[in-house]
Amino acid sequence: MAFHSKELAKAYWRENVKLLLSLLFIWALVSFGFGIILVDVLNQIQFFGFKLGFWFAQQGSIYTFVVLIFVYVYKMNRLDEKYDVQED
Amino acid sequence: MDIRIWTFLIVGLSFVLYIGIAIYCRAGSTKEFYVAGGGVHPVVNGMATAADWMSAASFISMAGLISFMGYDGAVYLMGWTGGYVLLALCLAPYLRKFGKFTVPDFIGDRYYSQTARTVAVICAIFVSFTYVAGQMRGVGVVFSRFLEVDITTGVFLGMAIVFFYAVLGGMKGITYTQVAQYCVLMMAYLVPAIFISIMITGHVIPQFGFGATLADGSGVHLLDKLDGLSAELGFAAYTSGTKSTIDVLFITAALMVGTAGLPHVIVRFFTVPKVKDARKSAGWALIFIAVLYTTAPAVAGFARLNMINTINGADSQGTEYSEAPTWVTNWEKTGLIGWEDKNEDGRMFYSGDERNEMHIDRDIMVLANPEIADLPAWVIALVAAGGVAAALSTSAGLLLVISTSISHDLLKRNLMPNISDKMELRYARSAAAVAVCIAGYLGINPPGFVAQVVAFAFGLAASSFFPAIILGIFYKRMNKYGAITGMVSGLLFTATYIVYFKFINPAASVPENWWFGVSPEGIGTLGMIVNFAVAAVVCHLTPPPPQDVQDMVESIRYPQGAGEAQVH
């Protein structure tokens, strides 16, 4: 076992899952939430010439996805170092 | 120089480039053949993944589809990009740490079962063949229009090129060729998009032009203009679409989850050196994909406005057929556009109601776009090269999955475990060669259902692979009984629904008959839920997995000690 103790392994996994869930929440919010379910409400708002809901569905959600992955990469690298399980 | 010479020149040069790379990067071992030696830089891998992912359908058809669907086109935009978030966060790093070559490898080892492995192999082969048939067709269409050879010759030419670099180079050859193909296809997509954006809105960046006001001095926003035209011509408003909310939701989810479950995408993350790189690589892949996917809806909007204005004329009275621009007559020859003078006034008219006299295939929106906008000949030739690059890069990736499934999963791991690395490599090459021939045959004689089976491929991947892999990583208690019954029931459920509505009784495929209003395109989401539910129930009624499997699950959950992809 690469972790120093079983408790550390558990704690690492818990933090990992928590990070995953919070990022996936944003993922679902911008696509399923803003882009689909709330689209008619957000379409009342004008955003640089777009209706906001339409913009999220065809542009904004994609930009958010990219940002989410890089936030994940950054946070996971930090987490690996914190628990000393990064690659050599 | 005319368009034809330009096309021969640019497409020819791109072929020379691909073949050159293939010769330089031939594979010497199974490891190089399957995962490019496992040493690909994450940015390079991201670019190759993007080229692999963006098929003839993304390049040729997607903007056209959106152009006709308006808001509803978002299902493809979000569906085919959102899956990468799932991949990066839930699959790629763990599968990389697991460190074998293929998806069936993971399923077979994690569920300690040859049955599970075999189910996975069959799904992988079926999904990949479904896909590849469409790609070869795409090559044929591009060749037949731009080089004016018939479709069969076009497909043969495409087969020969793919054969050469996939069989010779394996994953290593494919990866570096795909980098070149990405550059070609991106240029081919962006150059006309930028030209048209400047012409219509005065903005250099299409993503901004999409929301901007028109450059004709009217001060009207592009999207408002499209909504207005749609209302006038009897279409649904461009920014609102016609599908029900629940259907849009399910289709988007099915495409996202399906993307994350497609074997030719997943295998990409076995080729990078570290777990860290697998995470990063998914991010880079999505950036490279997002460039095209955020441009596509802009192109769709521009193209629609351009097309309506050209056909109906600026005064919306219809354009005289005798004065039709050359692209109309050019594309009429391919059967992708048609005009029937119903009211016999000699004018063309396009609308969503009984006044309509035009038949317009969605595929020409991208291919004819530069001609509609009157761009120089070399841009049109570039689009041809881009279409071919998109189709070739995706087919090569798929062919590799098929050949790996046969030589590695079926032969080495199942039927003849004692063959040497050299023999396995030979089998892999032969399998790739056979797969190219079958794909070519399907491209020349396309089964009528190619378009329909794409829904199948995604539904299948969503309802079989994705839950099995997710549970395998995140739920240690999951055992082989749960996984196998889950995969089989998800698969059967999805397949039955699609086969019934698409093949047995297509007439019944209307929202009133769909379960919960979910169309066959979106049913994979429900199939996935069925899979998860069945797996959870069965697994609690059967014994837990053996200790060594549980230890393996523990060990793939953190990056340390990943090393290189393991040869068994």
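Predicted model: local features only at pLDDT ≥ 70, side-chain atom pairs only at ≥ 80, totals over all residues.

Trainee: What does the UniProt record say about chain A?

Mentor: Keep what a record says apart from what is computed on the model. An unreviewed UniProt entry annotates residues 9-85 of chain A as "domain: Sodium symporter small subunit". In the model, that stretch is 83% helix and 5% strand, with its end C-alpha atoms 10 Å apart.

Trainee: Which residues of chain A carry the annotation "transmembrane region"?

Mentor: The unreviewed UniProt entry gives that annotation to residues 20-42 and 54-74 of chain A. Then check each span in the model. Residues 20-42 of chain A are 96% helix and 0% strand, and their end C-alpha atoms lie 27 Å apart. For residues 54-74 of chain A, the figures are 100% helix and 0% strand, with 30 Å between the end C-alpha atoms.

Trainee: How many residues of chain B are in contact with chain A?

Mentor: For an interface, count the residues on each side, then ask which elements supply them. Here 41 residues of chain B are in contact with 35 residues of chain A. On the chain B side, the elements giving two or more residues are helix 5 (74-98), helix 11 (245-261) and helix 13 (275-312). Helix 13 of chain B has the largest share, with 12 residues. Sorted by class, the chain B side has 23 nonpolar, 13 polar and five charged residues.

Trainee: What angle do helix 10 and helix 13 of chain B make where they pack?

Mentor: For a helix pair, take the angle, the distance between axes, the handedness and the residues that meet. Helix 10 (residues 222-233) of chain B packs on helix 13 of chain B at about 50 degrees, with the axes 10 Å apart. Helix 10 of chain B is therefore oblique to helix 13 of chain B. The crossing of the two is left-handed. Leu222(B), Leu223(B), Lys225(B), Leu226(B) and Leu229(B) of helix 10 meet Gly301(B), Arg304(B), Leu305(B) and Ile308(B) of helix 13. By class, this contact has six nonpolar, one polar and two charged residues.

Trainee: At what angle do helix 3 and helix 8 of chain B cross?

Mentor: The axes of helix 3 (residues 42-53) and helix 8 (residues 151-201) of chain B come within 8 Å and cross at roughly 65 degrees. Helix 3 of chain B is therefore roughly perpendicular to helix 8 of chain B. This crossing is left-handed. Among the residues that meet are Val44(B) and Met47(B) in helix 3, and Thr175(B) and Gln178(B) in helix 8. The contact divides into eight nonpolar, three polar and one charged.

Trainee: Is the crossing of helix 17 and helix 18 of chain B left-handed or right-handed?

Mentor: Start with the angle. The axes of helix 17 (residues 377-415) and helix 18 (residues 421-444) of chain B come within 8 Å and cross at roughly 135 degrees. That makes helix 17 of chain B oblique to helix 18 of chain B. As for handedness, the crossing is right-handed.

Note on methods
Residues numbered from 1 in each chain as written. Chains lettered and ligands numbered in written order. Contact = placed C-beta atoms within 7 Å. Helix = DSSP H or I, 4+ residues; strand = E, 2+ residues; numbered from the N terminus. Nonpolar A, V, L, I, M, F, W, Y, C, P; charged D, E, K, R; others polar. UniProt positions renumbered as here; feature names shortened; annotations may be inferred. Axes fitted to C-alpha atoms, helices over the stretch in contact; angles between N-to-C directions. Parallel < 35°, antiparallel > 145°, perpendicular 65-115°, else oblique. Left-handed = near helix turned anticlockwise from the far one by under 90°.
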